[in-house]
Amino acid sequence: VGLLLLAGLLQQALQLLLGEDYGIVFDHRLAGLLLVAGCAAYAVSLLAHALLLAVARSHRAELRASAARLQARDAELQMLRAQIDPHFLFNSLNSISALTAVDPAGARDMTLRLAQFFRQTLTLAERERIGLADELSLLEHYLAIEQVRFGESLQSRIEVDDAARQALLPPLSLQPLVENAIKHGLRSCEGGGFIVLRALLRGGFLHIAIDNPVGTLATRGSGNGLGLRNLQQRLATLYGDRARLHWQRGETHFRVELTLPFEAAEARP
């Protein structure tokens with residue numbers, strides 16, 4: 001209709017300016033053609049408008065879904081952290097309780113070390129990732145706590161490349177692995193043994209391996225405790241399929257391997 005009115009106005013303007021012999025021959029065929037063209041243009045504009053509305057709705061839905069995924073991930077991480085901290089505390093208090101009857105001084109020392117450990121974790125555990133150097137410092141406190149309990153039967157060695165110390169990883173990632181090495185490895189070995197932790201960067205990934213001996217008292221399948229399962233879930237939530245936690249047991253040896261995509265911590269002033 002708009003095109004028909006426009007054509008009529010153009011026809012009148014040409015005739016006024018140039019005379020009656022000039023202008024567009026405005027017959028029924030032209031009117032029909034203009035009507036069809038106008039309807040087609042109107043339909044195209046409706047489709048374009050509908051498409052723009054659909055794209056906008058899809059974008060808003062994608063933003064809502066992304067926000068929901070982030071909220072679900074944060075909730076899952078909080079739940080897993082809430083499980084890890086009481087689990088570690090329960091095991092430590094169990095160790096202190098066992099020491100009170102046979103070594104009161106050792107129990108007191110272990111209590112003080114445990115308090116120091118949790119003071120250090122207060123500022124780190126709420127962060128999604130911390131530097132490997134900070135994680136190793138937490139681990140050293142944990143080993144000192146367990147050293148009170150096991151004495152000379154617990155020996156450890158940590159070998160870390162300097163570049164790897166700047167890598168980021170979730171807090172309390174290594175403690176459950178070493179705890180597993182003690183609980184399901186060294187404790188079953190007569191005379192104890194060495195726990196060896198190695199970390200290096202290779203191919204854009206942080207590789208961490210923890211090795212420990214396994215005694216005859218250990219049973220197969222006993223090395224997959226709550227700490228390992230929680231760590232697997234945390235890694236899957238944070239990294240998806242880019243991270244891997246793998247363990248393998250031999251007759252006298254157990255190894256856990258942790259692989260994470262390398263992310264560098266900010267340099268400290």
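**Exercise 1. Work out the order of the strands in the open sheet, and find which strands stand at its edges.**

Solution. Start with the order: five strands form an open sheet, arranged S2-S4-S5-S7-S6, with mixed pairing. Keep in mind that this is a predicted model. Next, look at the two ends of that order. Strand S2 (154–160) and strand S6 (244–249) each have a single partner strand, so one side of each is left without a neighbour in the sheet. Finally, follow the twist: from one strand to the next it averages 10°.

**Exercise 2. Describe how strands S5 and S7 are joined, and find the bridge partner of Ile208.**

Solution. First locate the strands: S5 covers residues 205–213 and S7 covers residues 253–261. They run antiparallel, with nine bridges joining them. Now pick out Ile208: its bridge partner in S7 is Leu258.

**Exercise 3. Find the strands that helix H4 lies across, and give its angle to S2.**

Solution. Find H4 at residues 132–150. This helix lies across S2, strand S4 (193–202) and S5. Relative to S2, helix H4 runs at about 170°.

**Exercise 4. Examine the salt bridge between Asp109 and Arg113: how far apart are the closest N and O atoms, and where do the two residues sit?**

Solution. Begin with the distance: the closest N and O atoms of Asp109 and Arg113 are 3.4 Å apart. Then place the pair: both belong to helix H3 (residues 104–122), and because they are four residues apart there, about one helical turn separates them. Last, check accessibility. Asp109 is partly exposed, with a relative accessible area of 30%, and Arg113 is partly exposed at 31%.

**Exercise 5. Decide whether Asp211 and Arg255 are buried or partly exposed, and say what the pair links.**

Solution. Step one is the contact itself: Asp211 and Arg255 form a salt bridge, with their closest N and O atoms 2.8 Å apart. This pair links distant parts of the chain, since Asp211 lies in strand S5 and Arg255 in strand S7, 44 residues apart. Step two applies the cut-off: buried means under 20% relative accessible area. Asp211, at 8%, therefore counts as buried, whereas Arg255, at 29%, counts as partly exposed.

**Exercise 6. Name the residues linked in a network of salt bridges.**

Solution. Begin with Glu159 and Arg157, whose side chains meet in a salt bridge (2.8 Å, N to O). Glu159 is partly exposed at 33% relative accessibility, and Arg157 is partly exposed at 36%. Now widen the view: the network links Arg157, Glu159, Arg198, Asp211, Arg244, Arg255 and Glu257. Across the whole structure, a search finds eight salt bridges.

Terms used
Residues are numbered from 1 along each chain as its sequence is written. This is a predicted model: local features need pLDDT of at least 70, side-chain atom pairs count only at pLDDT 80 or more; totals for chains, interfaces and linings use all residues. Side-chain values use heavy atoms; hydrogens and water are left out. Two strands pair if DSSP finds at least two bridges between them. Axes are lines fitted to C-alpha atoms, for helices over the stretch in contact, and angles run from 0 to 180 degrees between N-to-C directions. Contact means heavy atoms within 4.5 Å. A salt bridge is a side-chain nitrogen of Lys or Arg within 4 Å of a carboxyl oxygen of Asp or Glu. Buried means under 20% relative accessible area, exposed over 50%, partly exposed in between (1.4 Å probe, protein chains only).
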